[in-house]
Amino acid sequence: MTPLVLAIETSCDDTCAAVAAGTEIRSNVVASQSGHERFGGVVPEIAARSHLLQIGPVVDEALEQAGVTLDDIQRVAVTAGPGLVGALLIGVQTAKAIAASRSIPLVAVDHLHGHIAANFAAGRETELEPPFLCLVVSGGHTFLAVVVGRGPGEWRILGRTLDDAAGEAIDKAARMLGLGFPGGPELQRLAEGGDPNAFELPRADGVAGLDFSFAGLKTALLYTIRDLGEDEARRQAPGLAASFQHAVVEQLARRTARALAQTGLERLAIGGGVAANGPLRERMQGLGVPCTVPTHDLCTDNAAMIACAAQFTEPLTHEQALGLEVHVTGGSR
Ligand code: KG4
Ligand code: ZN
């Protein structure tokens, strides 16, 4: 029988816990943190302290929503990296403590594996057969990979960002436009009232192969706002937001189309917070091959995706579980 898993994710600024049986999600609780907005980005110290306060209530809530208690949990899964060290430590230590005190197996999950595995939720692993192409776009990562299996590290990176992650660039652009943090959802909302062709912004066409670059686009937006002047930029904010979003989406979609052509792969999936973006989802679904997109709550950081990845990951031995460390960079092959 599929074991009932409690999954924990604390790699950045969301405190997350979920209960799942295989890829069937029973609950998925996310507590977003406050206190980072005035700094315009995630402050690692604030994130770690906030996880420490929230992890207990969030785990309780996930159990309650699933209608179970800790006695029913047969396995604990946790994000061991990549992410902020202090933030990861809170989740890993909590998971270790629960697993050790209950004598149940612990599964260490790579956060990026989680973003890919979100596509397997609700039993969809049977229809999404590897190999497939996956675009992972988040605040910390942007890459295109061939997924060759459902297990950990079973993907090969074809191209990645040479500078900012797409979400990072979006958050900085949102800040330039006077929006809050994280900027993605607000930028998308503002862009709805603007013309995506109002401003000509670069799409990194000069970057060869399957790599990405968003630093030039970010600088171009900065100069455009400066040239317009504060008042005019405020008046034209919807057009600026729409043009910026369009440039990001086009770059992501064109590289993905190129990767599909080069590899001959006939299936596509996307993951990561930016994959919650409406225009991106629509554009990716129009590339000529079936494209799986996780629901919005499974795109942005969450623990249900960690449970999905755990379904395809061997649990640690007792000794490995006791010695589990966190890691700051990702793994793939
Ligand atoms: O995956 P995620 O929650 O955290 C990381 O692993 O980084 O991704 C967060 C990123 C942020 O940059 C956020 O602005 C972006 O995802 N994001 C969006 C949208 N929702 C979240 N970007 C564009 N449109 C959205 N609707
Ligand atoms: Zn993430």
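Colleague: Which atom of G140 lies 3.1 Å from an oxygen atom of ligand 1?

Modeller: In this predicted model, a backbone N or O atom of G140 lies at that distance from the ligand oxygen. Polar contacts are pairs of N or O atoms within 3.5 Å, so the pair qualifies.

Colleague: What makes the approach of Q188 to ligand 1 a polar contact?

Modeller: A polar side-chain atom of Q188 lies 2.9 Å from a nitrogen atom of ligand 1. The limit is 3.5 Å, and therefore this pair also counts. A backbone N or O atom of V274 is placed 3.5 Å from an oxygen atom of ligand 1.

Colleague: How much of the accessible area of ligand 1 does the protein cover?

Modeller: On its own, ligand 1 has 550 Å² of accessible area, of which the protein covers 89%. Two or more residues of the shell come from each of α3 (111-117), α4 (166-176) and α5 (184-191). The largest share, three residues, is given by α5. By class, the shell holds five nonpolar, 13 polar and two charged residues.

Colleague: Why is A198 called partly exposed?

Modeller: Its relative accessible area is 38%. Buried requires under 20% and exposed over 50%, so A198 falls in between. A198 is in the loop between α5 and α6 (215-228).

Colleague: Which residues does A198 touch, leaving aside those up to four places away in sequence?

Modeller: A198 touches G239 and S243. The C-alpha atoms of A198 and G239 are separated by 5.5 Å, although these residues are 41 residues apart along the chain.

Note on methods. Residues numbered from 1 in each chain as written. Chains lettered and ligands numbered in written order. Predicted model: local features only at pLDDT ≥ 70, side-chain atom pairs only at ≥ 80, totals over all residues. Heavy atoms only, no water. Polar contact = N/O pair within 3.5 Å; in protein donor to acceptor, adjacent residues only side chain to side chain. Areas by Shrake-Rupley, 256 points an atom, 1.4 Å probe, with all protein chains shown as cover. Helix = DSSP H or I, 4+ residues; strand = E, 2+ residues; numbered from the N terminus. Nonpolar A, V, L, I, M, F, W, Y, C, P; charged D, E, K, R; others polar. Buried < 20%, exposed > 50% of the residue type's maximum accessible area, 1.4 Å probe, protein only. Contact = heavy atoms within 4.5 Å.
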